[in-house]
Amino acid sequence: MRKILVTALGCLTVSLASVFGAEATNTAKVEVFSNTDCLDCHSEKQSRKVDGKEVPLPAFATNSFQASVHGKMNCVDCHRGMKELVHESKLPRPQCTQCHAPQANHEKAAAEYGDSIHGRTLGNLVLAACSDCHGSHDIATVKSTNSPVYKLNLAHTCAKCHVKVEQIYRQSVHGQLLAKGDKRAPVCIDCHPGHKIEPPRSAHFKQTSDQRCGACHQDRLKHYRDTYHGKALALGKPNVVPEVAACYDCHGHHNVLPPSNPASALSQKNILQTCQQCHADANPNFTRYMAHANPLDRKNYPILNATFVFMTSLLLGVFVFFGAHTLFWLVRSALLFLRDPAAYREARKQAEHGQDVFVRFTPFQRFLHFLVITSFLTLVITGMPLKFYYADWAKVIFRFLGGPEAARVLHHFAALITFLYFGLHLLQLIGLVWRRRSVVVDPATGRFQFKRLWAVLFGPDSMIPSWYDLREFIAHYKWFFGRGPKPEFDRWTYWERFDYFAVFWGVAIIGTSGMILWFPQFFSRFLPGWIINIAMIIHSDEALLAAGFIFSIHFFNTHFRLEKFPMDTVIFSGRISKGELVHERKRWYDRLVAAGRLEDFRVKDEWQSWKTIARMFGFLAFGIGVVLLVLIIYAMVSSLL
């Protein structure tokens, strides 16, 4: 019973408190002080005694207030929390978001300000409040020439805190334009957006800086993004400062001046020092690199334009020529299949499953092709996103790889693998020539004969293209159109020899241009800086040509044509059946039979051929393990000393 009484009294107490509390709240709402009440004390300068001391009362400029955007508001709409008309202390600082946050046109600004560097606090101190920029009782619209945030007044407003910055800005090309009253002049908020100012050293500020400069300098932005700097900046990882030059790294921050001005960071006097900020070994030649060159501008960049036109013509010419070749081949094969599908399948079955097997590619050739595949794919995966930096897939790939820096390391590693397999192949050729040196010597006289050398270089066992390939090509085209029989190919077909030639061409062209881009400071010691621009065009277009050719033309010729679809595994197994040999390479088969060398190519135990490769891998793994062991022991001993 006692517990029930206590509970009832508690409920009664809570109910009474709610009633009286609500009544008090209603009373507070009713008791609103008018502007007239406030102006009794704040209409003019006066003072009053507080704790026995005369305290000046802030005077309120009624005229400017009534002309402001808040002219129809009450003082207490901003100065909230005033319980008595005569208050002993300063009122709480007005919170602009009380009114502006809920409104559609100010909500974003309030949220952005809260996240900006100005919205942050140092203890109880706000770095920059709304009133510091917009004023307090005389707030005008942004378009009003009286507003402190009016474009032509903004630099002066920001200078209330950033005095030195304003002095530098006033001397810059931007500040001088503003001084002329030209509204095209960028002011503080064009680079540091008004309500969302972020630390200038932040990753996001740098990553988006090109867009801010590009808002006025669209033509410069476009060609800046054609450079590695621009592409890497666009593909940078979030929250990581890209290790590439942004606009302000070369042109300066608040002190942007035309290169003709001796004080400019890009003047003849200072440009080398500017380049050396990032490229410590830069030399005067290096400064001749053209950061915003437009290869389409024939008048101002004739060499770049000629290079661009040549590479574009080459790229289009190759794809048109071989694209037509692929299309004709596909149509011809499809017609043969549709005429007699059963016979087509039987011929393919006989070719693939013959028991009599011969060697087409040696283990060393297959090993080199493995290096070609892995290095080429790595180069394309790490390089093509730069060419198509604006595509979403490019950003996804770079994010997966770990950003531009990681992609650059992988790209360089793959380039080294490319040089490795190219060098190994050249060594293989030299060894082959040395072992077969007797072939170029007349057995009767023992003297060297040029025609024998010619036969070795351009004969059917060589991969160097010859005039015979042209005859094969014409015969193949006749077969495409039903004007002749299918050619009987030898050991290497004309399209295989072209692929082989393309590797030499590609490695030489892409490799040389890539080395210039990799070591620009070294090459600019003896070459003009604009050679880097040339190298960029050649490297980019030649890489696109190689990737497009391999992934379309080469894939069709080797794997996707109906006779081989979906894949010809000969480059992995190295083996070819007798049926396939006779069907596809009849001339080679006939030569081997006539020379009595067919048995030389019959598949045997391959270990002797793999032995050298296996030992290379073994010694490499052994060497890495020993080096790591030494490093571990060194680290352990160092920690004990």
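Where is Arg437 found? Arg437 sits in the loop between helix H22 (404-435) and helix H23 (450-458). The model is predicted. The chain has 641 residues, and its secondary structure comes to 31 helices and 6 strands.

**The whole chain**

- The radius of gyration of the chain is 39 Å, whereas a compact globule of 641 residues would have one near 26 Å.
- Along the principal axes, the C-alpha atoms fill a box of roughly 130 × 90 × 70 Å.
- The accessible surface comes to about 40,000 Å², and carbon and sulfur atoms account for 65% of that surface.
- Of the 641 residues in the chain, 33% are buried.
- Counting contacts between residues at least 6 apart in sequence, 63% join residues at least 24 apart.

**Helices H20 and H31**

- Helix H20 covers residues 363-387 and helix H31 covers residues 607-640; their axes come within 8 Å and cross at roughly 40°.
- H20 is therefore oblique to H31, since an angle counts as roughly parallel when it is under 35 degrees and as roughly perpendicular from 65 to 115.
- On the H20 side, the contact is made by Pro363, Phe364, Arg366 and Phe367.
- On the H31 side, Ser609, Trp610, Ile613, Met616 and Phe617 make the contact.
- By type, the residues of this contact divide into 7 nonpolar, 1 polar and 1 charged.

**The loop between H22 and H23**

- Arg437, in this loop, has a relative accessible area of 43% and is therefore partly exposed, as that term applies between the buried limit of 20% and the exposed limit of 50%.
- Arg437 and Phe448 are 11 residues apart in sequence, and their C-alpha atoms are 9.4 Å apart in space.

**The loop between H2 and S1**

- Lys45 lies in the loop between helix H2 (35-42) and strand S1 (46-50).
- The relative accessible area of Lys45 is 75%, so Lys45 is exposed; the cut-off for exposed is over 50%.
- Lys45 and Ala59 are 14 residues apart along the chain, with a C-alpha separation of 5.1 Å.

**The loop between H27 and H28**

- Pro566 has its place in the loop between helix H27 (531-560) and helix H28 (570-573).
- The peptide bond that leads from Phe565 to Pro566 is cis, and its omega is near 5°.

Technical notes: Residues numbered from 1 in each chain as written. Predicted model: local features only at pLDDT ≥ 70, side-chain atom pairs only at ≥ 80, totals over all residues. Heavy atoms only, no water. Axes fitted to C-alpha atoms, helices over the stretch in contact; angles between N-to-C directions. Helix = DSSP H or I, 4+ residues; strand = E, 2+ residues; numbered from the N terminus. Parallel < 35°, antiparallel > 145°, perpendicular 65-115°, else oblique. Contact = heavy atoms within 4.5 Å. Nonpolar A, V, L, I, M, F, W, Y, C, P; charged D, E, K, R; others polar. Rg over C-alpha atoms; globule rule 2.2 N^0.38 Å. Buried < 20%, exposed > 50% of the residue type's maximum accessible area, 1.4 Å probe, protein only. Areas by Shrake-Rupley, 256 points an atom, 1.4 Å probe, with all protein chains shown as cover.
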